[in-house]
Amino acid sequence: MIKIAFFDAKNYDKEVFNKHNKDYNYEITYFESKLNSETAHLTKGFDVVCIFVNDKADAETLKILEENGVKVLALRCAGFNNVDVENRGKLKVVRVPQYSPYAVAEHAVGLLLCINRKLYKSYQRTRKYNFSLDGLLGFDIHGKTVGVIGTGRIGKAFINIMKGFGTNIIAYDMYKDENFQKEAGFEYVDLDTLYKNADIISLHCPLTKETERMINKDSISKMKDGVMIINCSRGKLINTDDLVEKLSEGKIGGVGLDVYEDEEEFFLRDMSNSYVRDKNLSILLSMPNVFITSHQAFFTREALNKIASDTLENIKEEFETGTCANEL
Ligand code: NAI
């Protein structure tokens with residue numbers, strides 16, 4: 001029987017993976033801890049290690065996995081920036097490239113609406129019987145220019161929704177999809193043009209060497225005053241020191257983050273009773289025009305089910321055929 005060590009396991013993971021595992025009968029051991037070089041020793045005797053976005057499969061960890069006899073590293077997510085792919089050795093690394101682009105795109109729109117119309121403030125107020133509108137002024141999204149960075153599956157879903165709002169879309173991607181461009185009706189531009197013209201900027205590209213900290217002092221300086229920045233991709237796309245600085249100068253109108261540069265220690269965990277704090281995160285949380293969710297964009301019923309079924313199927317394919325369509 002194939003044995004799976006499942007890291008960073010939450011109750012909702014266990015529920016959905018146990019349900020889908022009835023079709024596979026793997027032996028799954030759930031670990032609450034994240035995978036890293038310190039916890040990698042737990043993988044001894046397992047065939048597969050299953051990880052999520054904040055587990056760290058660096059070269060040292062991968063080496064331990066290989067020494068422990070692990071054959072497959074199964075990512076139950078799309079992004080793989082947390083895996084040192086160059087140093088995977090003989091380990092097969094599989095992922096779930098697509099589970100629900102709609103889940104993430106819809107969440108990005110949710111963040112945008114929430115910041116623009118200050119819904120989080122309204123909620124706090126009306127609960128206290130404060131029905132005043134002072135400080136809640138937003139703007140019509142209709143007619144605004146939206147800059148989308150990354151027009152892959154999620155970027156496309158986001159563009160389709162934003163078209164429905166009556167916005168003018170401009171986009172940047174290293175690899176243009178001209179068929180989709182014609183079909184959806186938007187313009188590909190270079191990054192500087194996007195920064196200069198967009199009222200709202202949403203990040204949907206992967207974290208790579210080229211995109212790491214692409215949103216920084218310089219790029220923000222090129223943006224419109226009052227720009228809204230949405231990041232549902234990866235925290236390290238933004239230089240947080242620079243973001244905080246530019247927010248403090250009043251340059252940025254609003255920020256919606258589902259991911260954060262140093263989220264590993266905090267996101268997806270209840271830290272409310274802990275004294276551990278992150279300075280930038282605390283500053284951002286205290287800003288009136290910043291709204292943060294905890295890497296929740298993927299978190300829909302449909303996405304969770306697809307993640308579980310595809311992860312288990314990837315493992316089956318690897319063990320039955322020695323390869324898999326979703327292998328890196
Ligand atoms: P995808 O692979 O379908 O699309 C990524 C797009 O980015 C591609 O069109 C690619 O050409 C483009 N790209 C690559 N390098 C670029 C660069 N330097 N500049 C501009 N564009 C570039 O990926 P998908 O499914 O759309 O996901 C995008 C990202 O969203 C993932 O890499 C992941 O980091 C993030 N994500 C976040 C989730 C969350 O819960 N917050 C859940 C799922 C994904």
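E212, R213 and E261 are linked in a network of salt bridges (a salt bridge is a side-chain nitrogen of Lys or Arg within 4 Å of a carboxyl oxygen of Asp or Glu). The structure holds 14 salt bridges. This is a predicted model, where local features need pLDDT of at least 70, side-chain atom pairs count only at pLDDT 80 or more, and totals for chains, interfaces and linings use all residues. Residues are numbered from 1 along each chain as its sequence is written, and side-chain values use heavy atoms, with hydrogens and water left out.

**The sheet of 7 strands**

- An open sheet is formed by 7 strands with parallel pairing, in the order β8-β7-β6-β9-β10-β11-β12 (strands are DSSP runs of E, at least two residues, and helices are runs of H or I, at least four, numbered from the N terminus; two strands pair if DSSP finds at least two bridges between them).
- β8 (187–188) and β12 (290–292) stand at the edges with a single partner strand each, so one side of each has no neighbour in the sheet.
- Helix α5 (residues 153–164) packs on this sheet and touches β6 (145–149), β7 (168–172) and β9 (contact means heavy atoms within 4.5 Å).
- The direction of α5 makes about 170° with that of β6 (axes are lines fitted to C-alpha atoms, for helices over the stretch in contact; angles run from 0 to 180 degrees between N-to-C directions).
- Strands β9 (residues 200–203) and β10 (residues 227–231) pair in the parallel sense over 4 bridges. I201 has I229 in β10 as its bridge partner.

**The sheet of 5 strands**

- Here 5 strands form an open sheet, again with parallel pairing, in the order β2-β1-β3-β4-β5.
- Its edge strands, β2 (27–30) and β5 (92–94), each pair on one side only.
- The twist averages 20° from one strand to the next.
- β1 (residues 3–6) pairs with β2 over 4 bridges. F6 has Y30 in β2 as its bridge partner.
- Helix α11 (residues 301–321) lies across β1, β3 (48–51), β4 (72–75) and β5. α11 runs at about 160° to β4.

**Salt bridges, buried and exposed**

- K10 bridges to D8, with the closest N and O atoms 3.1 Å apart. Both K10 and D8 are buried (buried means under 20% relative accessible area, exposed over 50%, partly exposed in between, with a 1.4 Å probe and protein chains only).
- K63 and E67 form a salt bridge at 3.4 Å between the closest N and O atoms. Both K63 and E67 are exposed.
- D310 and K306 meet at 2.7 Å, N to O. Both lie in helix α11, 4 residues apart, about one turn of the helix. D310 is buried at 17% relative accessible area, while K306 is partly exposed at 34%.
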